[in-house]
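Please open the model in your viewer and keep the selection tool at hand. We will go from stop to stop, and at each one you will be told what to select and what is there.

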Amino acid sequence: MSLSEIPYMRWAKNHAHDGQVNLTQSAVPALDWEGLGLDPRQIELFHYSRYGDPGLLQDIACRWSLAEEQVFLASSTTHVHFCFAAGLLEPGDRVLHESPGYFPLVDSLSMLQVQPVSFERRFADGYALPRAELREQVAAGVKLILLTHLHNPTGAALSESDQAFLADLCDSTGVFVLSDEIYRPFLDPDPGPLHQLHPNIISVMGLNKVHGLPQIRIGWGFAEPGPIDRARRILDSTTVHNSCLSDQVAMYAVGQMDRLERRARGIANAGWDIMGPWLERNGFDCAVPAGGLVCFPRVPSPTFAERALEAGVNLTPGHFFGAESHVRIGFGMDPAQLSNALQLLESVIE
Ligand SMILES: Cc1ncc(COP(=O)(O)O)c(C=O)c1O
């Protein structure tokens, strides 16, 4: 086993809250019980299920007219992602992953002794998929492609033609795609999981980013029964079962999803209304995110984030995502606070 060298999560835990104001967050502000509309006294402290409450599996499946057998539940999006990947891969298998990207997903696979191969999603191409390169890599033996949709860190959505390309690639080669869609419900309307396009595309998500429930620690994935059975074997050895507390809160949240997603899009729109014009006024090159609370502008110097922190504003340095000439800026916060933070940043630009 080789331990990861990619320190993003360490930095996020230890430093994402440094500074006077932090623009490092990619999640909506957390809800309280009242905001969720659930009385915690209704929650049972003990309720046993093997692989998640069947009612919850059913509710999640129903939302996208899928079957309960196509839903896998685990303790977070990251856990779901790991279980699927570990269930599909053998030591030595090649795994394609995007750069810039959210590296903890590929990082956790270092324990499986797979061979990670990165491909670039280019700023100049609007972060579209490099189709010829993906085709070549799959022909050369890649077994699994990891994607984020929306893309972390840029907020780009996969275009319909990229989605059709992926479905066709799966069909013609048998390759699997593991698509992290934790940010997808920021899209309005939410087109739903890419799993709907092809059985080999596995979609994973959770309640951490859009729904205001980061502490519920739950995630789910849509796949066919074969990969789900293999993922459950990995779950059996990486935890015993999910928490029934998480299951119950998640079941309530799934019933409230339209309302929670409207709240999230409202926060995203209000933030972008300030962020977008500010980027333009200050001459930043930046792809307009398709949704979500972060953008990934190019900056004049790789030390931009350091200098911003000296001025009191914490940004996520682009090197954590594999692009040191960019920074990730979160704008999902109180508009007055955001405007103040951006004003502070102007001193750094000057
Ligand atoms: C793309 C992506 N997936 C997953 C996660 C983490 O989700 P969870 O806490 O449900 O594992 C993050 C957090 O930043 C993320 O950006």
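Helices (H or I, at least four residues) and strands (E, at least two) are DSSP runs, numbered from the N terminus. Residues are numbered from 1 along each chain as its sequence is written. What you see is a predicted model, in which local features need pLDDT of at least 70 and side-chain atom pairs count only at pLDDT 80 or more, while totals for chains, interfaces and linings use all residues.

**Stop 1: two loops**

Select Ser65, which lies in the loop between H3 and S2, and look at its backbone, where phi is near 50°, a positive value in a residue other than glycine. Most residues other than glycine have a negative phi, and most peptide bonds are trans. A residue is called buried if 20 or more other C-beta atoms, placed from the backbone, lie within 10 Å of its own, exposed if 12 or fewer, and partly exposed in between. Ser65 is exposed because 8 other C-beta atoms lie within 10 Å.

Next select Gln113, in the loop between helix H5 (104-107) and S4, where phi is again positive, near 55°. Gln113 counts as partly exposed, because it has 13 C-beta neighbours inside 10 Å.

**Stop 2: the sheet**

Now show the strands, remembering that two strands pair if DSSP finds at least two bridges between them. Seven strands form an open sheet with mixed pairing, in the order S2-S8-S7-S6-S5-S3-S4. S2 and strand S4 (115-120) stand at the edges, each with a single partner strand, so one side of each is left without a neighbour in the sheet.

Select strand S8 (residues 219-222), in which Gly219 and Gly221 on one side and Trp220 and Phe222 on the other are all buried. S8 pairs in the antiparallel sense over four bridges with strand S2 (residues 71-74), and it also pairs in the antiparallel sense over four bridges with strand S7 (residues 201-206).

**Stop 3: two cis peptide bonds**

Select His149 and Leu150, which are joined by a cis peptide bond with omega of about 5°; Leu150 is in the loop between S5 and H7. Then select Asp188 and Pro189, where the peptide bond is also cis, with omega near 0°, and where Pro189 lies in the loop between S6 and S7.

**Stop 4: around the ligand**

Which residues are found around the ligand? Select Ser26, Ser76, Thr77, Thr78, Tyr102, Thr148, Asn152, Asp180, Ile182, Gly206, Asn208 and Gly219, where being near a molecule requires the C-beta atom, placed from the backbone, to lie within 6 Å of it. This shell divides into two nonpolar, nine polar and one charged, where Ala, Val, Leu, Ile, Met, Phe, Trp, Tyr, Cys and Pro count as nonpolar, Asp, Glu, Lys and Arg as charged, and the others, Gly among them, as polar.

**Stop 5: two domains**

Finally, colour domain 1 (8-30 + 258-349) and domain 2 (41-257) separately, with bounds that come from an automatic or database domain assignment. Their C-alpha centres lie 25 Å apart.
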